[in-house]
Amino acid sequence: TAGITQAPTSQILAAGRSMTLRCTQDMRHNAMYWYRQDLGLGLRLIHYSNTAGTTGKGEVPDGYSVSRANTDDFPLTLASAVPSQTSVYFCASSDSTEGQPQHFGDGTRLSIL
Amino acid sequence: AQKITQTQPGMFVQEKEAVTLDCTYDTSDQSYGLFWYKQPSSGEMIFLIYQGSYDEQNATEGRYSLNFQKARKSANLVISASQLGDSAMYFCAILRDSGYALNFGKGTSLLVTP
């Protein structure tokens, strides 16, 4: 089973350029999430979507936007990348039921130069 | 806001021994959920165990168990009979105020030695 697919696996991007990180799940989960992971800081929530058509801001939303046009896809866009956005980005999904764990993609390693 | 504190940046344990990874949390909610994830050096996030605040029993999943002390707001992960493959980062997380997203702690790095 595929679960959650993230693309690309890694990317080097020039500062000021835009980039969309792709995330697709095949589990029909209602909720999806984007986190960034930085050394010593754990994972921090960027944006989330509890159901298709809705999105919400997490802990560190500035500089990022998301959309949720359908259940399966949850792309994350950096409109004008800055070096502080260098990070590993994880997409996750879960069923909207208490106690259900989040399933994570393999991550996208993004370097902004 | 819900917050997780993991005070042990790094831990060592000998193979076949048990180890406890600490996690304390801060929340004003009566109902909440706590999760533990494992992240090996390959980078993927692996769900280990869940504890609901109203669960009367401590959660167990194979060699993983959760020492849940509600009054002390702690949810420590106990790994019994450690294996070399248990070497990884371990993250404790709590459900956020709204929806089903998680607030993570900063993690504990566990190294299992032969």
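Predicted model: local features only at pLDDT ≥ 70, side-chain atom pairs only at ≥ 80, totals over all residues.
The largest share, three residues, comes from β1(B).

The largest pocket has a volume of about 480 Å³. Its 24 lining residues again come from both chains, and those nearest the centre are Q37(A), V88(A), R109(A), Q39(B) and G43(B). Elements giving two or more residues to this lining are β4 (31–38), β9 (87–94) and β11 (108–112) of chain A, along with β10 (88–95) of chain B. The biggest contributor is β10(B), with three residues. By class, the lining counts 12 polar, seven nonpolar and five charged residues.

As for the contact between the chains, 23 residues of chain A meet 18 of chain B. About 1,700 Å² is buried between them, 57% of it from carbon and sulfur atoms. On the chain B side, M45(B), Y100(B) and F104(B) do much of the work, supplying 31% of the area chain B buries against chain A, more than any other three residues. There are zero salt bridges between the chains, but five residue pairs are in polar contact. β5 (33–39), β6 (46–52) and β11 (102–104) of chain B each bring at least two residues to the side touching chain A, with β5(B) giving the most, three. That side of chain B has 10 nonpolar, five polar and three charged residues.

Technical notes: Residues numbered from 1 in each chain as written. Chains lettered and ligands numbered in written order. Heavy atoms only, no water. Contact = heavy atoms within 4.5 Å. Buried area = accessible area lost by both parts, 1.4 Å probe. Salt bridge = Lys/Arg side-chain N within 4 Å of Asp/Glu carboxyl O. Polar contact = N/O pair within 3.5 Å; in protein donor to acceptor, adjacent residues only side chain to side chain. Helix = DSSP H or I, 4+ residues; strand = E, 2+ residues; numbered from the N terminus. Nonpolar A, V, L, I, M, F, W, Y, C, P; charged D, E, K, R; others polar. 1 Å grid on protein atoms, 1.4 Å probe; cavity = no way out; pocket = protein on both sides within 12 Å on 5 of 7 lines; lining within 4 Å. Points joined across faces, edges and corners; volume = space filled by probe spheres on them.
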